[in-house]
Amino acid sequence: MLYGHDLTERIVALHPVGPGTMRVYRRTPEDAVTWEDERYHPFFLLDDIDLLKGFPRDRFQFQPLAGSNAYQWLVVFPDAGSYWDARRHIQQASDTQKERPDAIYFVGGPEQQYLMQTGRTLFKGMELHDLHRLQFDLEVYSERGFPQAEVPEHRIILVALSDNRGWSRVVGGPLMDEQSVLEETLELMRERDPDVIEGHNVFGFDLPYLAARCRRHGVPLALGRDGSEPRSFPSSMRFAERQIEFEAVEIAGRHIVDTLFQVMSFDVFSRDLPNYTLKGVAKYFGFAPEGRTYIEGEDIAQTWREDPQRLIDYALDDVIETAAIAEHLSGSTFYLTQMVPMPYGQCARSGPASKIESLFVRGYLHARHSVPRAEAGSQIVGGYTDVFMTGVVGPVVYADVESLYPSIMLNYGVQPRRDALGIFPRLLQRLTDLRFVTKRAMREASGENETRELDARQTAYKNIINSFYGNMGFGFAAFNDFAEADRVAATGQKLLRQIMALIRDRGGRIVEVDTDGVLFVPPPEAQSASGDAERAFVSALSEKMPEGIRIGFDGRFERMLSFKKKTYALLGYDGTLKVKGSSLVSRSTERFGRRFVRRAIELLLAEDVAALHALYLNHRQRIIAHDWDGVASFQRIETLKQPLARYERDVRDGKRNRPASYELAKQRAEATGEPVRIGDRIAFYIAGGGGRVFEAAKLASEWDPADPDEDTAHYIGRLDQFASKFSAFFETDHAFRQVFSEEDLFGFDARGIRLAVRERAPEDVTDDVPF
DNA sequence: AGCTGTGGCAGGGAGG
DNA sequence: CCTCCCTGCCAC
C-alpha cells in the first residue's frame with residue numbers, strides 16, 4: 001500500500017502542462033534536473049452518472065466501482081481541455097441538482113491525481129539535503145505604517161537570497177531602482193533553479209507583495225521552471241485551536257515552504273515559543289548568527305538612508321536564519337511526501353485530515369472500490385481528566401500509556417464502519433511497524449546526520465499515526481465513524497481508571513490524571529534517590545495491562561504544585577520548573593503577571609512565605625511607580641479568529657462581546673492601512689479613564705514611557721487577581737490575605753502561616769465538586 | 001478548495 | 001453585585 005522503495009527514481013517536482021499531461025522533474029545523480037511529459041487522466045468520483053447528462057458522450061469514460069458506498073462512479077476525461085475545465089463542467093452539472101451539493105468527490109489537484117494513478121511519490125530514495133532549497137526575504141521601504149503594495153513609495157529595496165549550496169546574495173542598493181531589483185532577483189532565482197523556495201511568512205507577505213510590485217512594473221513574475229507565473233488561490237490552515245487564512249501560491253515545478261507554518265505546527269506540540277517572528281524563533285532554537293544585526297521594522301527606512309550596509313547585513317542574517325529554521329523543521333514533512341500522494345509544497349500547507357484521506361482514497365481507487373460519504377453527527381466522548389490533590393506535594397512520578405489511542409485502535413479491532421476494504425487497521429499497523437523499525441535504526445545509527453534524518457522519518461510516521469483517531473471523529477472525513485471514535489475514547493478512560501486503581505492498591509496517591517497519563521505520589525518503598533524504584537513501580541503497572549497496552553515512565557519530580565485540572569507546576573530534581581495550564585502560562589496574559597505567577601510558584605514550592613510577601617510588595621510598588629520594562633511587560637496579546645465583517649455582524653446580533661482586540665485592530669486599519677486579517681495578534685494595554693475594557697484599551701505601540709498613561713489601579717487589580725489564584729494553597733483565607741496585601745499596623749509575620757494540601761479519594765466523588 | 005478531536009480555565013460584556 | 005454565555009488559549 002505504501003510505495004517508494006525504488007531508489008532509481010528521484011522525482012523532485014510535478015506540474016500539469018496541458019490536457020492530461022504532467023511534467024515530471026527528476027534530479028539526476030549528477031545533480032542536474034531533467035524533465036519529461038507523461039500522460040495522466042483527470043478523473044472524478046460521482047455518486048450518480050446522470051450528472052453528466054448532456055455532456056458530450058465521447059469526451060469521458062466511466063467505470064462503476066465495487067461496493068455500496070456513496071461515490072460509485074469513476075469518471076475519466078482523457079482529453080479534457082484541462083483538469084480545471086472538466087472540473088468546472090461537472091461542478092455546473094451538479095449545481096443544477098441543488099438538493100445534492102456533495103454529489104462529486106473531488107480527489108484533489110492534478111498532481112495529486114497523477115500520484116494516485118501511478119502509485120508514485122516524490123523524493124524517492126532522497127534525503128532532505130539532496131533537495132536544492134533557496135531562501136528569500138524582502139525588505140520594503142515605507143516611511144510610516146505597514147508596507148502597502150499599492151502605495152508607490154512603499155517599494156522593495158532589497159531582496160536577500162541564499163540556498164543550501166552555500167550561495168547567498170543581496171539584490172539592491174541605494175542607486176538601484178525597484179524594477180531592476182525585481183528583474184535581477186527573478187533572474188537569480190531562475191538561474192539557481194531551486195526545487196524548494198523557503199521563507200518566513202512568504203504566503204502572508206513576501207509573495208503577495210512581490211507579485212503586486214511586479215504587476216506595477218509590468219515585470220512578469222516568471223518563477224516557474226517552465227517560465228510560467230505562479231498560480232494562487234485562497235486557502236486556510238489550522239494549527240490546533242488557531243486557524244489562519246492565506247493566499248496559497250503554487251509555482252510550476254517547485255515547492256513553496258513557509259517556515260511560519262512549520263513553526264506554528266511545531267508549537268502545537270511544544271507550546272514553548274515566545275512568539276512566531278523570525279527573530280524570536282531563531283533565538284529560541286539558537287540559530288541567530290553571532291553579532292546578528294537587528295533593526296526594528298519602523299527603523300528600516302531611516303537605516304536605509306543613513307547606513308544601507310547595515311540593512312544589507314540584516315537582510316542576509318534573515319535568510320540565514322530562515323534556512324536554519326527550515327532545515328530544522330522540514331524533515332518530517334519531507335518524509336511525509338514519500339508516503340502520501342501529495343506534492344511537498346501541498347504537504348507543507350495542509351493538515352493531517354487531508355493527508356490521511358488521500359491514503360484511503362488511493363487505496364480504494366487502486367481496488368476500484370466505491371468511496372463513502374462522510375457521516376453527519378459528532379463525537380461525544382473525550383479524554384478523562386480529574387485532579388485529586390491540590391497544593392504542594394511530592395515527590396511525584398508521571399506514568400503515561402504509550403501511544404494510548406493508536407494502541408487501543410490496534411488492539412481492540414477498531415475500524416470505521418464504512419471502511420469496507422479494511423484499510424484503516426492495515427495502514428495503521430504498517431505505519432506503526434515502520435516507525436518501530438525506524439526508531440530502532442535511529443538508536444543504532446552512528447553520526448549526527450543519520451540520526452537526524454531517521455528522527456525526522458519516525459516523527460513523520462508518528463504524526464500520521466496520531467491523526468488516525470482524530471480523523472474518525474472529524475465531520476468532513478469520508479471515512480469517519482463517531483461511534484468508533486467514542487469507543488476508542490471510552491476505552492482510554494477505562495484503561496486510565498484501571499491504572500489509577502492499580503496505583504492506589506499499591507499505596508500510591510493520585511494527584512492528577514489527564515487522558516493518557518497519571519501524576520502520582522509513589523508509596524515510600526517506590527521512592528529512591530536513583531529513580532530505579534520508581535521505574536520498577538511503573539514497569540510493574542505495565543505488566544498488569546491488557547495485551548498491547550504499555551505504560552511508560554515519563555519522568556519523576558521532586559515537588560509539584562497542583563492547582564486545577566490541566567494546570568500544575570513540576571519541579572525536577574535538576575531544579576528545572578515546568579508550568580502547565582492556560583491560567584498559569586497563557587501568552588495572552590501580561591508578561592509581568594506571568595513572571596509574578598512563575599516566581600510565586602517557585603517560592604510556594606520552596607514554602608518561602610516571607611519571600612512571597614516581599615515579591616507581592618515589590619510588584620505592587622513597581623506598578624505604582626510605572627517601573628515597567630517597556631510596554632511589553634504589561635500589554636495583553638490576543639489573536640483575531642474571525643473576519644472583521646463576521647465579527648461585526650455577530651456583535652450587532654448580540655452573539656458576542658466586544659473585546660479590545662477587534663476594536664483596536666479596526667482603529668489600526670484606519671490609521672495605518674495595515675489590513676485586519678485572521679490570525680493577526682493585537683497587543684494592547686488599559687489606559688486610565690475607566691469604562692469598559694474595550695473603551696479604555698489602547699494599542700501597545702501608543703504607550704509612551706515618557707508619559708505613561710496606563711491605568712495603575714487596573715494593573716494593581718490584575719496583580720491581585722494573579723495573587724488570588726494562590727488562595728487555595730493556604731490553610732485559611734486570612735493567611736492568604738496576609739501574604740498578598742500591604743502590611744497592616746502590626747507588620748507582616750510569616751511565622752505561623754502554613755500551606756495546605758487538600759485531597760479527596762477518587763471513589764468519593766463522581767462529578768466535579770470544588771474543594 | 002480546504003478543513004483532526006474533547007476537556008478545562010479565565011476574561012469580560014450584557015443584562016438581571 | 002451576580003449569572004450567563006461567548007471567546008481565546010491551553011492539555012492531551
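**Figure 1. Network of salt bridges.** Arg27, Asp31, Arg165, Asp193, Asp195, Arg225 and Arg254 are joined in a network of salt bridges, a salt bridge being a side-chain nitrogen of Lys or Arg within 4 Å of a carboxyl oxygen of Asp or Glu. The structure contains 45 salt bridges. The model is predicted: local features require pLDDT of at least 70, side-chain atom pairs count only at pLDDT 80 or more, and totals for chains, interfaces and linings use all residues. Residues are numbered from 1 along each chain as its sequence is written, chains are lettered from A and ligands numbered from 1 in the order in which they are written, and side-chain values use heavy atoms, with hydrogens and water left out.

**Figure 2. Salt bridge between arginine 718 and glutamate 590.** The two side chains meet at 2.8 Å, N to O. The pair links distant parts of the chain, 128 residues apart: arginine 718 belongs to helix 23 (residues 712–724), and glutamate 590 to the loop between helix 17 (582–585) and helix 18. Helices (H or I, at least four residues) and strands (E, at least two) are DSSP runs, numbered from the N terminus. Arginine 718 is buried at 12% relative accessible area, and glutamate 590 is buried at 0%; buried means under 20%, exposed over 50% and partly exposed in between (1.4 Å probe, protein chains only).

**Figure 3. Salt bridge between glutamate 143 and arginine 305.** These side chains meet at 3.2 Å, N to O. Glutamate 143 lies in the loop between strand 8 (133–141) and strand 9 (155–163) and arginine 305 in helix 7 (residues 300–306), so the pair ties together parts 162 residues apart in sequence. Glutamate 143 is partly exposed, with a relative accessible area of 44%, as is arginine 305, at 47%.

**Figure 4. Helix 18, residues 591–605.** Buried residues of helix 18 include Phe592, Phe596, Ile601 and Leu605. Glutamate 607, which follows helix 18, has a positive phi near 50 degrees.

**Figure 5. Surface around DNA strand C.** Of the 19 residues around DNA strand C, Asp516, Lys566, Tyr568, Arg587 and Tyr662 come nearest; a residue is near a strand if one of its heavy atoms lies within 4 Å of it. A polar side-chain atom of lysine 566 lies 2.9 Å from a base nitrogen, whereas an N or O atom in the side chain of tyrosine 662 is 3.0 Å from a phosphate oxygen.

Technical notes
Expected span 1.5 Å × (residues − 1). Polar contact = N/O pair within 3.5 Å; in protein donor to acceptor, adjacent residues only side chain to side chain.
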